[in-house]
Amino acid sequence: MAEETMSLLSGQKPVLRFAPSPNGRLHLGHALSAIINHDMAKAIAGRFLLRIEDIDLARCTDELEQGIYEDLAWLGLNWELPVRRQSDHFDVYREGLDRLIAMGVAYPSFMSRGDVKAFVTDHEAGGRIWPRDPDGALHYPALDKQRTEHEVSALLSSGKKHAWRLDMDKGLALLETPLQWRETGRGSDEVIDADPAAWGDVVLSRSDAPSSYHLSVVMDDAVQGVTHVVRGMDLYHATSVHRLLQELLGLPAPEYHHHRLILDDTGNKLSKSRGSASLQVLQEQGLAGSDIRGLLGI
């Protein structure tokens, strides 16, 4: 993996990527990110890649993937071929997971979401506050890390469903220098101190998904030689986790640029799950792809 990454990075031009998931049609928020990536790549004489993040096999479909290509073409964007599809590279993510397991910084976790919620409800009944991550999700309890090797082996042998999680404390203990990233999204070139501990023991893979977003995105960026990660502010804090995984796996650190979000009338970011108007709907209403830049204030 490291040799493949270094060969791709050697003497290359700047590389940017737009990486949507085909679990719904693109909306204006996606258009903003795609256009910014496309235009920045052009401005710095770099390459613009399209990556399809389809690790969620239950929700991602070929039809929605085709819709992404149609929407981006309607916007007047062009990208390099072939397009990388995550579902074609589960072996790469498994390699990264196996390396983390061998390092002793990943462990199998057996508690379901319901188990975690019940545990936290009981904990907070006494007036204590259980930690949440920057997205508001509950930190995973440490119960599975306290199991003996015999207990873990027996559970795995029984076929009990489990996820693999990053042991945040052990991962941070391996760092020899402060964890930081270079950020250009706030109008200047800054060095940001990373805080991955705010996320607790994040998921690396699940029984129903061979890789998590966190693991697959850092592996993909390394394999594709991405030098500039340009994405929305909703992923700003996740960069801390990505920087930790990059350090643990010996992967290069891109430059990061987190751009503004497009908000709806209620002040929430646009979302497929909340039914935000898609680019397809705007096209059906008679808008041209060239009109979108004006709507976005570009």
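Predicted model: local features only at pLDDT ≥ 70, side-chain atom pairs only at ≥ 80, totals over all residues.

Colleague: Fine. How many bridges pair β4 and β5, and in which sense?

Modeller: Four bridges, in the antiparallel sense. Strand β5 covers residues 163-166.

Colleague: Which residue of β5 does Y107 stand opposite?

Modeller: R165.

Colleague: What order do the strands of that open sheet take?

Modeller: The order is β4-β5-β8, three strands with antiparallel pairing. The edges are β4 (106-109) and β8 (203-205). Each has a single partner strand, so one side of each lacks a neighbour in the sheet.

Colleague: By how much are neighbouring strands turned against each other?

Modeller: By 40° on average, direction ignored.

Colleague: Switching to helices. How do α4 and α9 cross?

Modeller: Their axes cross at roughly 75° and come within 10 Å. Here α4 is residues 90-102 and α9 is residues 239-249. Angles of 65 to 115 degrees count as roughly perpendicular, and α4 and α9 are therefore roughly perpendicular to each other.

Colleague: Which residues meet there?

Modeller: From α4, G96, R99 and L100. From α9, L245, L248 and L249. By class, that contact has four nonpolar residues, one polar and one charged.

Colleague: On to the largest nonpolar core. How many residues does it have, and which have the most contacts inside it?

Modeller: It has 36 residues. The ones with the most contacts inside it are L100, L166, L204, L215, M219 and L245.

Colleague: What about a second core?

Modeller: There is a separate one of 27 residues. A31, Y69, V83 and I262 are among them.

Colleague: Last topic, T184. Where is that residue found?

Modeller: In the loop between β6 (180-183) and β7 (190-193).

Colleague: Is T184 buried or exposed?

Modeller: Buried. Its relative accessible area is 17%, and buried means under 20%.

Colleague: What does T184 touch, leaving out residues up to four places away in sequence?

Modeller: D189, E255, Y256 and H257.

Colleague: Great, thanks.

Key:
Residues numbered from 1 in each chain as written. Heavy atoms only, no water. Pairing = 2+ DSSP bridges. Helix = DSSP H or I, 4+ residues; strand = E, 2+ residues; numbered from the N terminus. Axes fitted to C-alpha atoms, helices over the stretch in contact; angles between N-to-C directions. Parallel < 35°, antiparallel > 145°, perpendicular 65-115°, else oblique. Contact = heavy atoms within 4.5 Å. Nonpolar A, V, L, I, M, F, W, Y, C, P; charged D, E, K, R; others polar. Core = buried A, V, L, I, M, F, W, Y, C linked by side-chain atoms within 4.5 Å. Buried < 20%, exposed > 50% of the residue type's maximum accessible area, 1.4 Å probe, protein only.
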